[in-house]
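Subject: Structure handover

Hi,

Here is the structure I promised to pass on to you. Please open it alongside this email, and my notes on it follow below.

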Amino acid sequence: MKKVIAIYPGSFDPPTNGHLDLIERGSKIFDELIVAILRNADKSPLFSLSERRVMLEAMTENFKNVRVDTFDGLTVDYAVSVKARAVLRGIRAISDYEYELQMALMNRKLQPDLETVFMMPAEQYSYLSSRLVREVGQLGGSVKGLVPEMVEQRLREKLDPAIKLEHAREPQARKRG
Ligand code: PNS
């Protein structure tokens, strides 16, 4: 039988444990899962595209049938270009449903052969979103347990002015040293 390739598109700014949970679930039912980061979704994301890619690659390195990619334009066009037959999306609560339904039906209109598959993340992530992680991080709250440790660390580095300053000084220090 032909292998089933699925894409998991999103902004992933930053990737969370909810995303990871869904990737793990998706990797169990699809032969190949491509985590596809949308380029230019937000003109000023907190994390650059390459930072998000590096984080997602590290998070998924143990899943042998998962790879990370980036895309521009319509999700359905990208799906066709990688021969995907399904789009994986997570639904956390009923509030996600309306937007996700609209997107799934529009994608079906554009590309009738492509199926959207919804999966539910573990309950402990049902309130979790990248937007809330950014907001809590920006306001100095803890996001421990909500994002992988590496993302937590990168969030701290990005948002803590003292660490930022340290990094800014490093090249100078290296030049002198
Ligand atoms: O993580 P997000 O921000 O909820 O992901 C949304 C995403 C990237 C899946 C959606 O914005 C998308 O598919 N954008 C690509 C452009 C597109 O195809 N638009 C029509 C969708 S019906």
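Let me begin with a definition: rings of Phe, Tyr and Trp (its six-membered ring) pair if their centres lie within 6.5 Å, and planes under 30 degrees apart count as stacked, over 60 as edge-to-face and the rest as tilted. By that rule, the structure holds two aromatic pairs. In one of them, the ring centres of Tyr8 and Phe12 are 5.3 Å apart and the planes stand at 80 degrees, so this pair is edge-to-face. Tyr8 counts as buried at 5% relative accessibility, and Phe12 counts as buried at 3%. Here buried means under 20% relative accessible area, exposed over 50%, and partly exposed in between (1.4 Å probe, protein chains only).

Before going further, two notes on how the values were made. This is a predicted model, in which local features need pLDDT of at least 70 and side-chain atom pairs count only at pLDDT 80 or more, while totals for chains, interfaces and linings use all residues. Residues are numbered from 1 along each chain as its sequence is written, and side-chain values use heavy atoms, with hydrogens and water left out.

**Overall layout**

The chain has seven helices and five strands; helices (H or I, at least four residues) and strands (E, at least two) are DSSP runs, numbered from the N terminus. Their order from the N terminus is β-α-β-α-β-α-β-α-β-α-α-α. Of the 177 residues, 40% count as buried. Taking contact to mean heavy atoms within 4.5 Å, 76% of the contacts between residues at least 6 apart in sequence join residues at least 24 apart.

**The cores**

A nonpolar core is a set of buried Ala, Val, Leu, Ile, Met, Phe, Trp, Tyr and Cys residues joined through side-chain atoms within 4.5 Å. The largest one has 29 residues, and Tyr8, Ile23, Leu33, Val35, Leu56 and Leu88 touch the most other members. At least two residues of this core come from each of S1 (5-10), H1 (17-29), S2 (32-38), H2 (49-59), S3 (66-71), S4 (86-90) and H6 (149-159). A second, separate core of 12 residues includes Ile7, Ile34, Ala84 and Leu114. Beyond its neighbours within four places in sequence, Leu56 is in contact with Phe12, Pro15, Ile23, Val35, Ile37 and Val68.

**Two helices side by side**

What is the crossing angle of H2 and H6? Their axes come within 10 Å and cross at roughly 155 degrees. Axes are lines fitted to C-alpha atoms, for helices over the stretch in contact, and angles run from 0 to 180 degrees between N-to-C directions. H2 and H6 are therefore roughly antiparallel (under 35 degrees is roughly parallel, over 145 roughly antiparallel, 65 to 115 roughly perpendicular and the rest oblique). Glu51, Val54, Met55, Ala58 and Met59 of H2 make the contact with Met150, Val151, Arg154 and Lys158 of H6.

**Two single residues**

Glu152 sits in helix H6 and is buried, with a relative accessible area of 12%. Not counting residues up to four places away in sequence, Glu152 touches Val143, Lys144 and Val147.

Pro45 lies in the loop between S2 and H2 and counts as partly exposed at 26% relative accessibility. Leaving aside neighbours within four places in sequence, Pro45 is in contact with Asp13 and Arg52.

Best wishes
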